[in-house]
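User: I would like to learn how to read a helix and its surroundings in a model. Please take me through one case.

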Amino acid sequence: MSHLFPNAQPRISAPFRFDIVGSFLRPETLKHARQQCSCGDISCADLTQVEDSEIAKLVEHQKAVGLHAVSDGEFRRTFWHLDFLSALDGVEEVDAEKFSVQFKHHNVRPKTLKIVDKIDFSESHPFVEHFRSLQKLAGDTEVKLTIPSPSMLHLITNVRATDYVAIPRYENNNQQLLDDIADAYIKAMQIFYQLGCRNLQLDDTSWGEFCAEDKRKAYQERGFDLDQIAKDYVYMVNKIIDAKPADLAITMHICRGNFRSTWFSSGGYEPVAETLFGTCRVDGFFLEYDSDRSGDFKPLRFIKDQQVVLGLVTSKSGELENRDEIIARIKEATQYVDINQLCLSPQCGFASTEEGNILTEEQQWAKLAFIREIAREVWGE
């Protein structure tokens, strides 16, 4: 029992008291192999071998640091979201003049998505094989699968894009598009579940944008009804939740951007809190709270029975936070959410793109060991 919070209890299902968002810094051997493969110096099969080897090491490292569920670190991806979305049926990755959002001080390689046919999910999607492989490497340890939220496909193609032209199926029929996206995700969820997935995380930067006053203003000036879009995005996620098996945990990570330790959105959760926290029936929210860009805990008053994973420890720098300050902030959050609905994690992954954030692998693991110790102290985890 915790002496800090006498009623605090550990958890045996996702999200866990000590948890992660999912991505890890790519080792140099993997970066080099990816570069060789893109230049044609080694085959795709050679690259897969390197990926398998590095993911096996990563899995062991995650187990050693005490994680209850392990990810593949997104080692097989270039981007946290485009690799999954572009492999959906009916979606194509296309070159763009510039990336769809602007990060502070850094430019991202310009790629975007286009809807060219009915949205669907097939078993030939590369992530199916990726998951099978991770399951084998993880052994008896639970596997955590991270994929972009369904709202990201709509956001990138319909909201961020200024040149969206609907295919006939979706012309003047946004509801059909929302339903097709949700149905594709339900298919994906069912396939992953059959393969053994019990821990699925939806990564989402749309809510981070809708928290930012400058982005809200820009979208509203283009004629978007952001309150309706927020309801549409919750509708898609809840449709997936309604179809999920009882023993599958589905969580959502909300992000304000993470590329080489930079960001692209700023603002507290208040503009979206009532719709998102009050009506989205995920099992838990992974929330960024590592800087004043995320605002205060007051929007958590809208949380119902979801777990809230506080991202109080930054993944953007290697410097360790102050333990007492982190515990004080957990205590502050208990004004709005019970201690047994709170968990702790980094605020984001360590490498949302293959470039990774600006810290070392040693610092990355030190961050996780630090979080584990606090989780043990607070919840007896």
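Analyst: Start with the outward side of helix 2, where Ala45, Gln49 and Ala64 are exposed. Exposed means over 50% relative accessible area, buried under 20%, and partly exposed in between (1.4 Å probe, protein chains only). Helices (H or I, at least four residues) and strands (E, at least two) are DSSP runs, numbered from the N terminus. This is a predicted model, in which local features need pLDDT of at least 70, side-chain atom pairs count only at pLDDT 80 or more, and totals for chains, interfaces and linings use all residues. Residues are numbered from 1 along each chain as its sequence is written, and side-chain values use heavy atoms, with hydrogens and water left out.

User: Which residues of helix 2 are buried?

Analyst: Leu47, Glu51, Glu54, Ile55, Leu58, Val59 and Gln62 are buried. Seen down the axis of helix 2, they fall within an arc of 155° (taken from the directions from the helix axis to the C-beta atoms), so they line one face.

User: What do the buried residues of helix 2 pack against?

Analyst: Contact means heavy atoms within 4.5 Å. By that rule, the buried residues of helix 2 pack against helix 1 (28-38), strand 1 (69-70), helix 4 (126-138) and helix 12 (361-379).

User: Which residue with a positive phi follows helix 2?

Analyst: Glycine 66 follows helix 2, and its phi is near 100°.

User: How is strand 9 placed, buried or exposed?

Analyst: Strand 9 (residues 307-313) is mostly covered, with seven of its seven residues buried.
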